[in-house]
Amino acid sequence: PPDTGPRTVTVEAGDSLSQIAKDNGMSLDDLAAINAICDTNQLFVGQVLLLSAEETGDPDAEPSERTVTVQSGDSLSKIAKRYDTSVESLMADNDIDDPNTIFVGQELVVVAAAKTALPAEDPCG
């Protein structure tokens, strides 16, 4: 079956962000930006990295709902960016009171907008 999701790579022991970028024909800056990584030296074994930004979808399509499992290094803001939703929506859809209290292995319902776009602001501020 064809791969319908974004291309990803899972961080393994000994990996570096620069090597992953090089192995996939992209710049370190691009890989860090796509994944909202502020500290390029901080990776976690098992962390899933996006290798490309999601394509813009059909503006008339319905929002999609999926369940995602929180990985080491994830935050609600990273998950929201990855699936083109907001932290507020994630909190509401998953009955979360504190955006800083998610844990590895937790399953979250993500309702993504049909049309995706990367935010113009720098997530590392």
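Residues are numbered from 1 along each chain as its sequence is written. Because the model is predicted, local features need pLDDT of at least 70, side-chain atom pairs count only at pLDDT 80 or more, and totals for chains, interfaces and linings use all residues; side-chain values use heavy atoms, without hydrogens and water.

The mean pLDDT of the protein (the predictor's confidence in each residue, from 0 to 100) is 80. A score of at least 70 is reached by 74% of the residues. Elements are DSSP runs numbered from the N terminus: helices (H or I, at least four residues) and strands (E, at least two). Helix H1 (residues 17-23) has the highest mean pLDDT among them, 92. Strand S3 (residues 64-69) has the lowest, 82. Over residues 115-120, pLDDT stays under 50. The model has 13 contacts (heavy atoms within 4.5 Å) beyond four places in sequence for this segment.

Points are joined across faces, edges and corners, and volume is the space filled by probe spheres set on them. The count is 2 cavities of 30 Å³ or more.

The largest cavity has a volume of about 40 Å³. Its lining comprises Ile34, Asn35, Ala36, Leu50, Lys78, Lys81 and Arg82. Helix H3 (residues 76-82) gives the largest share, 3 residues.

The second largest cavity has a volume of about 30 Å³. Its lining includes Asp74, Lys78 and Arg82. Strand S2 (48-50) and H3 each supply at least two lining residues.

Technical notes:
1 Å grid on protein atoms, 1.4 Å probe; cavity = no way out; pocket = protein on both sides within 12 Å on 5 of 7 lines; lining within 4 Å.
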